[in-house]
There are 2 protein chains.
Amino acid sequence: MSLGLIAGGGELPRAVAESARAAGRPVFVVALGGMCGGWAEEFPHERISLGEPGRALKALAAAGTKDVLLVGKVERPKFSELKLDAKGVMVLPKVIAAARRGDDALLRMLVGLFEEAGFRAVSVAEAAPGLVAEPGSLGRISPDESHRADMTQAFAIVRALGALDVGQAAAVCEGLALAVEAAEGTDAMIARIGQLRDNLRGTPEKRRGVLVKALKPTQDAKTDMPVIGVETVRRAAEVGLAGIAVEAGKSLIVGKNAVAAEADRLGLFVVGVSP
Amino acid sequence: MSLGLIAGGGELPRAVAESARAAGRPVFVVALGGMCGGWAEEFPHERISLGEPGRALKALAAAGTKDVLLVGKVERPKFSELKLDAKGVMVLPKVIAAARRGDDALLRMLVGLFEEAGFRAVSVAEAAPGLVAEPGSLGRISPDESHRADMTQAFAIVRALGALDVGQAAAVCEGLALAVEAAEGTDAMIARIGQLRDNLRGTPEKRRGVLVKALKPTQDAKTDMPVIGVETVRRAAEVGLAGIAVEAGKSLIVGKNAVAAEADRLGLFVVGVSP
């Protein structure tokens with residue numbers, strides 16, 4: 001049965017679409033204008049604005065889709081500049097109210113729209129199981145005892161923050177919380193570790209500290225599993241981190257082979273754990 | 001009775017010293033080299049390195065001091081480059097172990113050293129009560145309902161983070177966590193709000209969002225009360241925030257009159273609350 005992929009920005013939507021298609025499943029892409037890249041042209045698709053849920057529902061129904069999946073980065077629109085269809089006008093007040101409550105509330109609300117219209121919301125894990133992080137090290141390098149202690153601390157931070165819908169990532173180095181993610185996103189969070197004094201953190205020559213990315217307890221694995229890829233490994237390497245830990249079964253790794261190779265080349269570990 | 005002020009960096013140590021002296025109390029300053037500014041010359045003082053607790057204890061005893069207070073920013077030293085006296089050599093392993101557990105653990109450990117030697121650790125609130133934040137607005141502007149909701153959320157974030165010894169500050173704008181402080185410090189945290197897309201945050205023309213700074217639950221009011229001053233108001237103003245909230249009775253405001261005047265001039269509120 002065909003998969004309806006409502007695709008935002010970033011690498012993940014394309015990885016999901018290709019992974020599902022490679023598994024023999026037809027994919028129909030609802031490409032969110034200004035966010036979803038040009039790769040959508042390689043699939044049956046419809047490009048819409050965030051204010052056109054009516055068009056999205058119609059296109060998905062016409063494509064014979066029952067299962068839908070919202071994936072990728074969705075930027076909060078300037079509601080005043082949004083192109084709206086009839087359905088969009090109807091749901092806009094709910095969308096604005098949800099956006100006030102945080103990104104997760106907004107995503108849940110959008111998924112709810114499709115469920116109300118009779119679609120089934122599926123998770124990335126279901127649509128593209130090959131992307132899900134497995135337990136253990138992905139490359140040749142494994143965390144040591146001190147890294148494991150930092151991982152435990154960083155998971156506790158992400159969990160505490162996540163319960164308040166703040167962010168998905170934190171970095172800890174030998175007991176010191178180096179950085180915590182909020183609205184700036186994981187990439188900007190990693191980058192600023194490089195601006196800390198170098199006695200607080202590691203360097204590419206002497207790696208120290210761990211990046212942890214994990215699902216917020218308020219998040220639904222259907223909409224916003226944390227994701228890492230080759231670029232995450234490169235950024236972590238640049239600021240001297242020793243490795244990256246994600247939750248096995250509840251995180252996604254885009255391009256596992258490439259991630260493993262890059263981690264080995266740069267001297268980092270990438271590990272899936274069950275914290 | 002004379003006050004022994006172990007002074008690190010920033011504006012706070014000088015404000016405490018001047019406030020105590022203005023109240024008629026003699027002050028002896030132990031100036032931490034490389035951190036405490038030249039203002040210490042205006043007081044009886046001794047300049048030492050972090051590795052010389054023996055010299056500090058001796059100087060304080062010679063000055064007839066019983067009450068001590070460690071205040072200001074203390075940077076984690078490169079332990080390998082530290083100038084050590086005999087006492088410093090003895091306590092170094094404990095200091096390094098404490099430093100691994102976080103900034104608060106390090107401060108508590110240093111205060112413990114003085115307590116073991118028979119000194120009494122006093123709080124800034126006790127030594128300089130005029131600096132403590134009081135309930136209510138400091139200037140003419142007060143927070144509205146939406147600001148109060150953001151304040152509640154930001155206090156919850158700081159409390160959750162603080163329990164994990166992460167940071168003291170967070171900024172929330174209409175339900176969205178803009179930024180959360182870790183090792184980079186409050187100034188850098190505020191500055192990066194200005195790099196967020198401007199539909200997520202306020203601007204100097206249309207102020208939105210609140211900065212909250214509060215004591216970590218793991219922190220001891222004797223060593224690390226959160227502090228704001230004129231510079232904090234200016235930085236918050238620059239990135240479009242609507243105001244600053246601190247915990248009344250558990251935070252310090254350096255230069256209250258100047259802070260109120262600057263907040264009024266720039267159009268921000270500065271408020272002490274009992275969350």
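How many residues does the contact take from chain A and from chain B? In this predicted model, chain A contributes 25 residues and chain B contributes 25 residues. On the side of chain A that touches chain B, two elements give two or more residues: α6 (145–162) and β8 (176–180) of chain A. Of these, β8(A) gives the most, with five residues. By class, this side of chain A holds 15 nonpolar, three polar and seven charged residues.

The two chains were then superposed. A rotation of 180° places chain A on chain B, with 0.1 Å of shift along the axis and an RMSD of 0.1 Å. This is the relation of a two-fold axis. Of the interface residues of chain A, 100% are also interface residues in chain B, so the copies meet through the same surface.

The sheet of chain B was examined next. Six strands form an open sheet in the order β6-β13-β11-β9-β7-β8 (chain B), and the pairing is mixed. Its edge strands are β6 (136–137) and β8 (176–180) of chain B, each of which pairs on one side only. Strand β6(B) is joined by two bridges to β13 (residues 269–273) of chain B, and the two run antiparallel. Within this pair, S137(B) stands opposite V271(B) in β13(B). Helix α7 (residues 186–193) of chain B packs on the sheet. The helix touches β7 (169–173), β8 and β9 (210–213) of chain B, and its direction makes about 135° with that of β8(B).

The largest nonpolar core has 186 residues. L5(A), V16(A), L5(B) and V16(B) touch the most other members. Beyond its neighbours within four places in sequence, L5(A) is in contact with residues including P13(A), V16(A), F28(A), L69(A) and V71(A).

Methods: Residues numbered from 1 in each chain as written. Chains lettered and ligands numbered in written order. Predicted model: local features only at pLDDT ≥ 70, side-chain atom pairs only at ≥ 80, totals over all residues. Contact = placed C-beta atoms within 7 Å. Helix = DSSP H or I, 4+ residues; strand = E, 2+ residues; numbered from the N terminus. Nonpolar A, V, L, I, M, F, W, Y, C, P; charged D, E, K, R; others polar. Core = buried A, V, L, I, M, F, W, Y, C linked by C-beta atoms within 7 Å. Buried ≥ 20, exposed ≤ 12 C-beta atoms within 10 Å, placed from the backbone. Least-squares fit on C-alpha atoms with pLDDT ≥ 70 in both. Pairing = 2+ DSSP bridges. Axes fitted to C-alpha atoms, helices over the stretch in contact; angles between N-to-C directions.
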